[in-house]
Amino acid sequence: MASREDLYQEAVRTHGAALNRIARAYELNPDKRRDLLQDIHMALWRSLESFDGRCSLRTWLYRVGHNVATSHVVIDRRASSRQLLSIDQIDITDPKSDVEESAGRNLAVDRLMTLIHELRPLDRQLVMLFLEGVDAAAIGEITGISAGNVATRIQTRIHRIKRILTTRFQGGARS
């Protein structure tokens, strides 16, 4: 088995961008996001001491990242007393139509990240893992939800969110 240092280096090399995206989805404030990302890296480093290879390094990394980020949200929510939303409660505002295409795309990504940030931690985790291309079995392993439940939840909720986002970003009416 590889050393903790080797595992950490491999995890960061192959999945570092995913850790950045997780931090961005859970924290909008850039300073707090850097702190969260540092916390995720520290937790990953510490956790690799007990990594036994029963799951992939990718699954382990996502599990650690989302657990740290979820804890961050819960602590932040307690501090700010802000209520989180479920996927079914999100409100999407249309981007300005006169913005150039590239700027509009950046606004759309920023808006999507804002919307994801407003979700409950479990819904946020499911959406982020889905967007990362993680399959239902791996999402189930990461979240502790059965793969069948994940697939059902993903299919119904993600389908709805994609439909709403498409409608809103194309300038359509609210759903």
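Student: Does tryptophan 60 count as buried or exposed, and what is its relative accessibility?

Tutor: Tryptophan 60 counts as buried, at 14% relative accessibility. Here buried means under 20% relative accessible area, exposed means over 50%, and partly exposed lies in between, with a 1.4 Å probe and protein chains only. The model is a predicted one, in which local features need pLDDT of at least 70 and side-chain atom pairs count only at pLDDT 80 or more, while totals for chains, interfaces and linings use all residues. Residues are numbered from 1 along each chain as its sequence is written, and side-chain values use heavy atoms, with hydrogens and water left out.

The chain as a whole provides the setting. It has 7 helices and 0 strands; such helices are DSSP runs (H or I, at least four residues), strands are runs of E of at least two, and numbering starts from the N terminus. Of its 175 residues, 38% count as buried.

Tryptophan 60 is one of the residues in contact with leucine 44, once neighbours within four places in sequence are left aside; contact means heavy atoms within 4.5 Å. Leu44 and Leu48 have the most contacts inside the largest nonpolar core, which has 40 residues. A nonpolar core is a set of buried Ala, Val, Leu, Ile, Met, Phe, Trp, Tyr and Cys residues joined through side-chain atoms within 4.5 Å. Elements that give two or more residues to this core include α1 (4-26), α2 (30-47) and α3 (57-80), and the largest share, 9 residues, comes from α1. In soluble globular proteins, nonpolar side chains tend to be buried together.

Histidine 15 is buried, with a relative accessible area of 17%. Apart from its neighbours within four places in sequence, histidine 15 is in contact with Glu10, Arg58 and Leu61.

Next come the aromatic rings. Rings of Phe, Tyr and Trp (its six-membered ring) pair if their centres lie within 6.5 Å, and planes under 30 degrees apart count as stacked, over 60 as edge-to-face and the rest as tilted. The count comes to 2 aromatic pairs. Tyrosine 8 and tryptophan 45 form an edge-to-face pair, 5.7 Å centre to centre with 90 degrees between the planes. Tyrosine 8 lies in helix α1 and tryptophan 45 in helix α2, so this pair ties together parts that are 37 residues apart in sequence. Tyrosine 8 is buried, with a relative accessible area of 16%, whereas tryptophan 45 counts as partly exposed at 26%.

The account returns here to its starting residue. Phenylalanine 51 and tryptophan 60 form an edge-to-face pair, with 5.2 Å centre to centre and 75 degrees between the planes. Phenylalanine 51 is buried, its relative accessible area being 10%.
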